[in-house]
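Visitor: Could you take one part of this model and go through it closely? I would like to see how that part connects to the rest.

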Protein chains: 2
Amino acid sequence: MIADEQQIRSLIERWAEAVRCSDLAGVIKGHAHDIVMFDVPPPYKGVRGLDAYRQVWPSIFQWQAQGASFEIESMDVTVGRDLAFAYALLRCGTSEQLRRNPEMRLRLTLCLRKENDRWEVTHEHHSFPFTDVGEEEPAGHIFTAAQT
Amino acid sequence: MIADEQQIRSLIERWAEAVRCSDLAGVIKGHAHDIVMFDVPPPYKGVRGLDAYRQVWPSIFQWQAQGASFEIESMDVTVGRDLAFAYALLRCGTSEQLRRNPEMRLRLTLCLRKENDRWEVTHEHHSFPFTDVGEEEPAGHIFTAAQT
């Protein structure tokens, strides 16, 4: 189990490193052919399959090239016998965005299965929380997303 | 495994039904004491623990009472020996919001573990995708969230 957790942590850390390096082959290396990703932008129904997943990254790499960070701040991994999941918080933004909103974090959930003794990511959910103004936390829980 | 999948589907369907009925006890029934939820609004670091999770719901119930839906449209469940995960798309909004933006879906990821032969939710991630204008899908993948 400890070896499995270490393998999964390494997989996710290497993935984030590949994102920072605009290394597309590295980004998709640990991902299943049937990956379903809920990305920050639409499509609402998710990015389905490894080919679609691959197409997501060039525009993120472009954003990275403008100085955006993609740093894992914390990660929690739960390992089972044949499935695992992890959730993480990432400092993800340009230095100007993080200066204006120091609390801002990308929230990330990854679900994995073990195939032939190798862990692979089958589901990924990325999101930023919705706020009223983008700088302060809203007073209450309001579905501003749905209201726009 | 089939029995497990059925148990998990029922748990999630009953949870959504409890949300629609503003039934707080029903909403938290299948949840672990150490649940970590990434909710649609902040806090950025997530809602941590069952007490905090409980406090999220009254304002959502209030929104529901104004006519918002919370209907599971599709759900995909992966069951392992001791862990499971599910992702789902929900029609979640008032009829006016869904009229203006018929494609809008709440994306939901749930991670579960089996404790004493009973499945419980240990992690939940809710989000709406970010769009530029909230009605059309943006042309490219732009981290509009981070840019606000």
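Guide: In this predicted model, the largest nonpolar core holds 60 residues. Those that touch the most other members are A:Ala84, A:Phe85 and A:Leu112, together with B:Ala84, B:Phe85 and B:Leu112. As a general background, nonpolar side chains in soluble globular proteins tend to be buried together.

Take A:Leu112 as the place to look. Apart from its neighbours within four places in sequence, A:Leu112 is in contact with A:Ile8, A:Leu83, A:Ala84, A:Phe85, A:Trp119, A:Glu120, A:Val121 and A:Thr122. Two of these contacts, A:Ala84 and A:Phe85, are also on the list of core residues that touch the most other members.

The chain around A:Leu112 can be described next. Chain A contains five helices and six strands, and along the sequence they follow the pattern α-α-β-β-α-β-β-α-β-β-α. Of the 148 residues in chain A, 37% are buried. Among contacts in chain A with a separation of 6 or more, 47% are between residues 24 or more positions apart.

Further along chain A, the loop between β5 (106-115) and β6 (118-127) contains A:Asp117. A:Asp117 is not a glycine, yet its phi is positive, at about 70 degrees. Most residues other than glycine have a negative phi. Is A:Asp117 buried or exposed? A:Asp117 counts as exposed because it has 7 C-beta neighbours inside 10 Å, and the cut-off for exposed is 12 or fewer. In chain B, B:Asp117 also has a positive phi of about 70 degrees, and B:Asp117 is exposed, with 7 other C-beta atoms within 10 Å.

The strands can be followed in chain B. There, an open sheet of six strands runs in the order β2-β1-β6-β5-β4-β3, with mixed pairing. The edge strands are β2 and β3 of chain B, each of which pairs on one side only. Helix α1 (residues 2-20) of chain B packs on this sheet and touches β3, β4, β5 and β6 of chain B. The direction of α1 in chain B makes about 150 degrees with that of β3(B). Helix α3 (residues 50-65) of chain B also packs on the sheet, touching β1 and β2 of chain B, and its direction makes about 55 degrees with that of β1(B).

β1(B) and β6(B) pair in the parallel sense over four bridges, and B:His31 stands opposite B:Val121 in β6(B). By contrast, β3 (residues 71-79) and β4 (residues 83-91) of chain B pair in the antiparallel sense over eight bridges. β3(B) and β4(B) form a hairpin with three residues between them, and B:Glu71 stands opposite B:Arg91 in β4(B).

Back in chain A, the loop between β1 (31-38) and β2 (47-48) contains A:Pro43. The peptide bond from A:Pro42 to A:Pro43 is cis, with omega near 15 degrees. Most peptide bonds are trans. In chain B, a cis peptide bond joins B:Pro42 and B:Pro43, with omega about 15 degrees.

Helix α3 (residues 50-65) of chain A has 16 residues. From its first C-alpha to its last, α3 of chain A reaches 23 Å, close to the 22 Å expected at 1.5 Å a residue. Just after α3(A), A:Gly67 takes a positive phi of about 105 degrees.

Conventions:
Residues numbered from 1 in each chain as written. Chains lettered and ligands numbered in written order. Predicted model: local features only at pLDDT ≥ 70, side-chain atom pairs only at ≥ 80, totals over all residues. Helix = DSSP H or I, 4+ residues; strand = E, 2+ residues; numbered from the N terminus. Buried ≥ 20, exposed ≤ 12 C-beta atoms within 10 Å, placed from the backbone. Expected span 1.5 Å × (residues − 1). Pairing = 2+ DSSP bridges. Core = buried A, V, L, I, M, F, W, Y, C linked by C-beta atoms within 7 Å. Contact = placed C-beta atoms within 7 Å. Axes fitted to C-alpha atoms, helices over the stretch in contact; angles between N-to-C directions.
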